[in-house]
Amino acid sequence: MPDLLDLADVTAGYGATMVLRHVSLGVGAGEIVALLGRNGVGKTTLLRTAAGFVQPRSGGVRLDGQALAGIAPYRIARRALCYVAQEQALFADLTVGENLRLGVSHDRLFRERLPSIEPHFPVLLRRLGQKAGTLSGGEQKMLLISRAILARPRLMLVDEISEGLQPSVVDRLAGVLAAERRMHGTAMLLVEQNVAFALSVADRFAVLTSGEVVERGGTGDAGAAARIERHMTV
Ligand SMILES: Nc1ncnc2c1ncn2[C@@H]1O[C@H](COP(=O)(O)OP(=O)(O)O)[C@@H](O)[C@H]1O
Ligand SMILES: [Mg+2]
């Protein structure tokens, strides 16, 4: 069976500058893969390429076996992919509830699924009427992931969701992501710099350094953390 998401020998970048070089990476249905790497190595560019915002210069991306070349990002998103971006992904002037509502296509689904957020992040349900821009950084991250959970995609592309969060919230997040996969079979590509968090949630990992995958393996492999950490220090 082909991978749900399959990047094959992808070279991509901006203008004449290539940020990714011959990157191959797959995520199977229901699988969680962590992509680790320092700042500026091309992690976000890889997610943007998978979501169709950046077109590969060479190589290709397939979703569910179908090539994405030339397909608009909104059409790709409709095929059950949810991109949880690193920056400016919330509408600060809309309420928590309004931001969440954008995760689903109609009100009935929203009413049905909203209660599923309660056990994960009760604080959000108490603040449905508050402007998203007035939430703390950690609460905004909770809102972002909750909106993706409401969409119930087959694949989530998640960009540094643990960044800037206190350890207890990172632990909670790990539990939430694991529960989503268990209950709905959600596949995830998690871009991370938090190695412990990534290893606790993912099945496999890949490490990116300046646009190339230099390490990969199973998160349960002996020495996995050390193999990753070597590439994370400046
Ligand atoms: N829109 C853009 N135009 C030009 N260069 C960009 C753009 N976005 C990112 N880059 C460059 O691409 C490289 C990788 O960036 P990025 O994918 O954001 O890395 P990471 O997410 O790993 O920090 C960086 O050198 C960055 O400056
Ligand atoms: Mg990034």
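This is a predicted model: local features need pLDDT of at least 70, side-chain atom pairs count only at pLDDT 80 or more; totals for chains, interfaces and linings use all residues.
User: Which helix gives the largest share of the side of domain 1 that touches domain 2?

Analyst: Contact between the domains involves 11 residues of domain 1 and 9 residues of domain 2. On the domain 1 side, the largest share is 5 residues, and these come from residues 167-184, helix α7.

User: How many nonpolar residues has the side of domain 1 that touches domain 2?

Analyst: That side of domain 1 is made up of 11 residues. By class, 1 is charged, 3 are polar and the nonpolar ones number 7.

User: Why does the radius of gyration of the chain agree with a compact globule?

Analyst: The chain has 234 residues, so a compact globule would have a radius of gyration near 17 Å. The C-alpha trace spans about 45 × 40 × 35 Å along its principal axes. The value for the chain agrees with the globule because it is 17 Å.

User: What percentage of contacts between residues at least 6 apart in sequence join residues at least 24 apart?

Analyst: The chain has 9 helices and 10 strands. Contacts here mean C-beta atoms within 7 Å. Counting those between residues at least 6 apart in sequence, the share that joins residues at least 24 apart is 67%.

User: What percentage of the 234 residues is buried?

Analyst: A residue counts as buried if 20 or more other C-beta atoms lie within 10 Å of its own. Of the 234 residues in the chain, the buried share is 39%.

Notes: Residues are numbered from 1 along each chain as its sequence is written. Chains are lettered from A and ligands numbered from 1 in the order in which they are written. Helices (H or I, at least four residues) and strands (E, at least two) are DSSP runs, numbered from the N terminus. The radius of gyration is taken over C-alpha atoms; the globule rule is 2.2 Å times the number of residues to the power 0.38. A residue is buried if 20 or more other C-beta atoms lie within 10 Å of its own, exposed if 12 or fewer, and partly exposed in between; C-beta atoms are placed from the backbone. Two residues are in contact if their C-beta atoms, placed from the backbone, lie within 7 Å. Ala, Val, Leu, Ile, Met, Phe, Trp, Tyr, Cys and Pro count as nonpolar, Asp, Glu, Lys and Arg as charged, and the others, Gly among them, as polar.
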